[in-house]
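Student: Hi, I've just opened this one up. Could you walk me through it?

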Amino acid sequence: MTNRSCDLTDYMVLNQAEKVAIGTICLLVAPFILLANILVLVVIVCSSNLRRHPSYLFMGNLALADTIACCFFTTIFLSFHLLNPDNSSDSYLFQLGGVTVAFTSSVGSLLLMAVDRYHIIYKASGYKVQLKRRLALVGTVALWVVSIFIAFLPLMGWRCVTCQSCSKLFPYVDRYYLAFWAALVLAVLVFILAAYGVIVWKAHQHDVNMDAEHPGKARMRVDIHLAKTFSFIVLTLLVCWLPVLSFMMLDVVSGRIWKWHRKAFAFCSLLCLVNSGINPLLYTLRCRELRAALASLWDGLRRWSRLC
């Protein structure tokens with residue numbers, strides 16, 4: 001049993017003004033995030049052309065993970081910080097596991113999409129849609145299985161047994177588990193950065209060779225275009241995830257987390273929720289094929305409404 005001195009109330013540090021601020025942010029942001037990701041899911045599901053392509057399978061999986069993250073995170077986060085429920089350790093860890101599953105799958109989907117983009121751009125000759133679609137399905141299922149297993153490890157027994165081994169940010173969570181999960185997410189972010197870095201580097205090499213073969217010929221620099229796009233993607237990931245991961249690693253390394261750390265961590269956690277709203281704008285709705293499918297779906301709905 002966890003020492004009762006490590007009570008849930010020790011982690012409920014927000015005053016009334018801070019509760020109002022966090023509640024307002026969540027209630028303003030969450031509906032947009034939910035609608036944006038559901039829109040992406042509906043468009044992909046309703047388009048047979050998009051469903052056949054592995055890239056849109058990954059995009060749909062990302063939208064699904066972000067939809068679940070929005071629902072679980074908003075309800076559990078607000079319930080914990082605003083309502084101050086007296087949950088048992090199993091109840092709390094089950095709820096936390098739901099949030100962890102969604103965010104782990106979301107970040108994992110971003111890695112799968114980065115690898116997929118590399119194959120599309122630089123291994124196009126060997127990119128067989130049907131084969132890649134089967135691999136994409138296997139990869140997606142494996143991602144969810146691994147995410148579920150990792151997320152519910154605390155519920156299966158990897159939890160703290162004394163206050164000294166407990167995280168100061170999450171009740172009932174062992175600090176070594178927190179270190180494991182934070183290191184995993186950091187590793188995924190590094191792999192995403194590396195994948196996009198390799199794409200830009202290869203694009204630069206290609207442009208240099210083209211300039212050497214056709215000196216003086218004006219044309220668009222693909223490497224600069226990709227560098228701008230991927231820099232924004234990476235910057236968004238770092239801004240949304242590094243603050244919370246930094247607090248987690250501080251908790252693991254020093255264990256000296258004060259009340260203001262917990263307050264800052266609560267507000268920084270909202271950046272992870274914001275990331276789930278940025279993803280559909282950054283990765284999916286910018287795609288020309290998906291926008292065309294959305295326009296076609298909208299036209300079909302308008303024609304159907306006229307008939308009714």
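Student: Let's start with the largest pocket. Which element gives the largest share of its lining?
Tutor: That is H4, which supplies five residues of the lining. Keep in mind as we go that this is a predicted model.

Student: What about the lining by class?
Tutor: The lining has 11 nonpolar residues, along with four polar and six charged ones.

Student: What's the volume of the largest pocket?
Tutor: About 650 Å³.

Student: Let me zoom out. How many helices and strands does the protein chain have?
Tutor: There are nine helices and zero strands. Read from the N terminus, the order is α-α-α-α-α-α-α-α-α.

Student: And how much of the chain is buried?
Tutor: Of the 308 residues in the protein chain, 47% are buried.

Student: Now the inside. Which residues have the most contacts in the largest nonpolar core?
Tutor: Phe170, Tyr196, Trp241, Leu245, Met248 and Tyr283, in a core of 79 residues. The helices that each supply at least two residues of this core include H1 (16-46), H6 (175-213) and H7 (222-253).

Student: Phe170 heads your list. What does Phe170 touch?
Tutor: Leaving out residues up to four places away in sequence, Phe170 touches Tyr11, Tyr92, Leu96, Leu178, Met248 and Phe265. There is also a second, separate core of five residues, among them Val101, Trp144, Ala151 and Phe152.

Student: Why does Ile148 count as partly exposed rather than buried?
Tutor: Because its relative accessible area is 41%, and buried means under 20% while exposed means over 50%.

Student: How far is Ile148 from Ala102?
Tutor: Their C-alpha atoms are separated by 8.7 Å, although the two residues are 46 apart along the chain.

Key
Residues are numbered from 1 along each chain as its sequence is written. This is a predicted model: local features need pLDDT of at least 70, side-chain atom pairs count only at pLDDT 80 or more; totals for chains, interfaces and linings use all residues. Side-chain values use heavy atoms; hydrogens and water are left out. Helices (H or I, at least four residues) and strands (E, at least two) are DSSP runs, numbered from the N terminus. Buried means under 20% relative accessible area, exposed over 50%, partly exposed in between (1.4 Å probe, protein chains only). A nonpolar core is a set of buried Ala, Val, Leu, Ile, Met, Phe, Trp, Tyr and Cys residues joined through side-chain atoms within 4.5 Å. Contact means heavy atoms within 4.5 Å. On a 1 Å grid over the protein atoms alone, a cavity is a set of points where a 1.4 Å probe fits but cannot get out, and a pocket is an open set with protein on both sides within 12 Å along at least five of seven lines; lining residues have an atom within 4 Å of a point. Grid points are joined across faces, edges and corners, and a volume is the space filled by probe spheres set on the points. Ala, Val, Leu, Ile, Met, Phe, Trp, Tyr, Cys and Pro count as nonpolar, Asp, Glu, Lys and Arg as charged, and the others, Gly among them, as polar.
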